[in-house]
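Open the model in your viewer and keep the sequence panel beside it. This tour says what to select at each stop and what is there.

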Amino acid sequence: MSVAHFSRRFKVAYGETPYRYLMTRRVERAKALLRRGDLGVTEVCMAVGCTSLGSFSARFTELVGETPSAYRAREHSAVRAVPGCYAMRVMRPSRFREADHTSAPIGSSV
């Protein structure tokens, strides 16, 4: 299968390109490492497989809405009480804002 064909099929299956999917998973893992607080942003960047701190920070900020440093500095004690499988599902970074729980349901006349 060609690279272009794979990319198209992947996007149909997962709703995003392979690169975007990979970066979303990397940011998801980076959030978990930053919540621990024992690693710096550069160490987390390298630990999740990114080689450029600038690109990592830009993508993290795009997906999460705040810089990695600001995310690391914020209090995360409330997350520790939530089971990991649920926290991962709820806190998963997303480029798609239709998953916002505050919006009106589809078909409503709001």
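Predicted model: local features only at pLDDT ≥ 70, side-chain atom pairs only at ≥ 80, totals over all residues.

At 41% relative accessibility, phenylalanine 6 is partly exposed.

A search of the whole structure turns up 6 aromatic pairs. Phenylalanine 6 with phenylalanine 10 is a tilted aromatic pair, with 5.8 Å from centre to centre and 50° between the planes.

Ring pairs join Phe6, Phe10, Tyr14 and Tyr21 into a cluster. Then click on arginine 25. Arginine 25 lies over the face of tyrosine 21, 4.7 Å from the ring centre.

Step just past the helix to glycine 15. Glycine 15 has a positive phi of about 80°.

## Second stop: helix 2

Select residues 18–36, which form helix 2. Helix 2 has 19 residues. From first C-alpha to last, helix 2 reaches 28 Å, close to the 27 Å expected at 1.5 Å a residue.

Which residues of helix 2 are buried? They are Met23, Thr24, Val27, Glu28, Ala30, Lys31, Leu33, Leu34 and Arg35.

Pick out glutamate 28 in helix 2. At 15% relative accessibility, glutamate 28 counts as buried. Draw a distance to valine 48. The two C-alpha atoms are 9.4 Å apart, while the residues are 20 apart along the chain.

Just after helix 2, look at glycine 37. Glycine 37 takes a positive phi of about 85°.

Show side chains for Ala30, Leu34, Val44, Val48, Cys50, Phe56 and Phe60. These residues touch the most other members of the largest nonpolar core, which has 15 residues. Helix 2, helix 3 (41–47) and helix 4 each supply at least two residues of this core. Helix 2 gives the most, with 5 residues.

Stay on phenylalanine 60. What does phenylalanine 60 contact, leaving aside neighbours within four places in sequence? Its contacts are Val27, Ala30, Lys31, Leu34, Gly65, Glu66, Thr67, Pro68 and Tyr71.

Tyrosine 71 is buried, at a relative accessible area of 1%. Phenylalanine 60 is buried too. How are the rings of phenylalanine 60 and tyrosine 71 arranged? Their centres are 5.7 Å apart and their planes lie at 70°, so the pair is edge-to-face. The cut-off for edge-to-face is over 60 degrees.

Phenylalanine 60 belongs to helix 4 (residues 53–64) and tyrosine 71 to helix 5 (residues 68–73), so the pair ties together parts that are 11 residues apart in sequence.

Next, draw a line from tyrosine 71 to valine 41. These two are 30 residues apart in sequence and 9.9 Å apart in space, C-alpha to C-alpha.

Select leucine 53 in helix 4. Is leucine 53 buried or partly exposed? Leucine 53 is partly exposed, with a relative accessible area of 34%. Not counting residues up to four places away in sequence, leucine 53 touches Val41, Thr42 and Cys45. The C-alpha atom of glutamate 43 is 9.5 Å from that of leucine 53, and the residues are 10 apart along the chain.

## Last stop: the whole chain

Clear the selection and zoom out. The secondary structure comes to 7 helices and 0 strands. Along the sequence, the pattern reads α-α-α-α-α-α-α.

Color by accessibility. Of the 110 residues, 24% are buried. The chain exposes about 7,600 Å², and carbon and sulfur atoms supply 58% of it.

Key. Residues numbered from 1 in each chain as written. Heavy atoms only, no water. Phe/Tyr/Trp six-rings, centres within 6.5 Å; stacked < 30°, edge-to-face > 60°. Buried < 20%, exposed > 50% of the residue type's maximum accessible area, 1.4 Å probe, protein only. Helix = DSSP H or I, 4+ residues; strand = E, 2+ residues; numbered from the N terminus. Lys NZ or Arg CZ within 6 Å of the ring centre and 35° of its normal. Core = buried A, V, L, I, M, F, W, Y, C linked by side-chain atoms within 4.5 Å. Contact = heavy atoms within 4.5 Å. Expected span 1.5 Å × (residues − 1). Areas by Shrake-Rupley, 256 points an atom, 1.4 Å probe, with all protein chains shown as cover.
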